[in-house]
Amino acid sequence: MSYRYCPACATPLQLLTRDEDGGPKERMRCPACDWTHWNNPTPVLAAVIELADRGGQILLARNAAWSGRMFALITGFMEAGETPEEGITREVAEETALEVLSLDLIGVYDFQRMNQVIIAYHVVAHGEVSLSPELAEYRLFAPDELRCWRAGTGYALADWLTARGHVPQFIDLPPRAA
Ligand SMILES: [Zn+2]
């Protein structure tokens, strides 16, 4: 997210250096009221969904906005007023209609390209899958069939596989279109 104008007083922002706890730092700041665009990473919740009623298969889904045939974890932004556990339970329900039976934290991962921090859970769920319009299709995978990608949620999937005694297999994705 980039700002051109101060959201507090509408003055054009400038790259200005100020002394911060870590020393002088150049950031987009407001020359009139000193508002600072900190540009902190946004928390994103992610779920490795294990289907308790489908022999422990893992659900990955393809986002309708993606061009390639890439399947990934269910993800969503955390909302104000909820815990991470409440947030991932809500996201799983909204995006797949599945009911969450249990949650375990896999880990926390940086995703610097999108300025996000990923909070990844192993989610055991059950029920009938009904995708939100954001998702084009889903596939179920046995753990040994999963392929991990070298970015935030892919490392979460790899760590979950390793913890379950599997050796994660990585794939390299084609370069992203501009
Ligand atoms: Zn201002």
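Predicted model: local features only at pLDDT ≥ 70, side-chain atom pairs only at ≥ 80, totals over all residues.

Is C30 buried or exposed? C30 counts as buried, because its relative accessibility is 0%, under the 20% cut-off.

**Zinc site**
- Four SG atoms, from C6, C9, C30 and C33, coordinate the zinc ion at 2.3 Å.
- Along the chain these donors are spaced as C-x2-C-x20-C-x2-C.
- C6 lies in the segment before β1 (14–20) and C30 in the loop between β2 (23–29) and β3 (42–51), so that the pair links distant parts of the chain, 24 residues apart.
- The arrangement is tetrahedral because the four donor atoms subtend angles of 100 to 123° around the zinc ion.
- C6 also counts as buried, at 3% relative accessibility.

**Hairpin**
- Strands β6 (residues 99–111) and β7 (residues 116–126) run antiparallel and are joined by eleven bridges.
- Four residues separate β6 from β7 in this hairpin, and N115 in the turn has a positive phi of about 55°.
- Opposite G107 stands A120 in β7.

**Nonpolar cores**
- The largest nonpolar core has 21 residues, and L60, L73, I118, L146, L157 and W160 have the most contacts inside it.
- β3, β4 (57–63), β6, β7 and α2 (152–163) each give two or more residues to this core.
- α2 provides the largest share, five residues.
- Leaving aside residues up to four places away in sequence, L157 touches V48, L73, L146, R147, C148 and W149.
- A second, separate core has 17 residues, among them I49, I74, Y121 and A125.

Terms used. Residues numbered from 1 in each chain as written. Heavy atoms only, no water. Donors = N, O, S within 2.8 Å, 3.2 Å for Na, K, Ca; no water. Tetrahedral: all angles 85-135°; square planar, octahedral: opposite > 155°, others 65-115°. Buried < 20%, exposed > 50% of the residue type's maximum accessible area, 1.4 Å probe, protein only. Pairing = 2+ DSSP bridges. Core = buried A, V, L, I, M, F, W, Y, C linked by side-chain atoms within 4.5 Å. Contact = heavy atoms within 4.5 Å.
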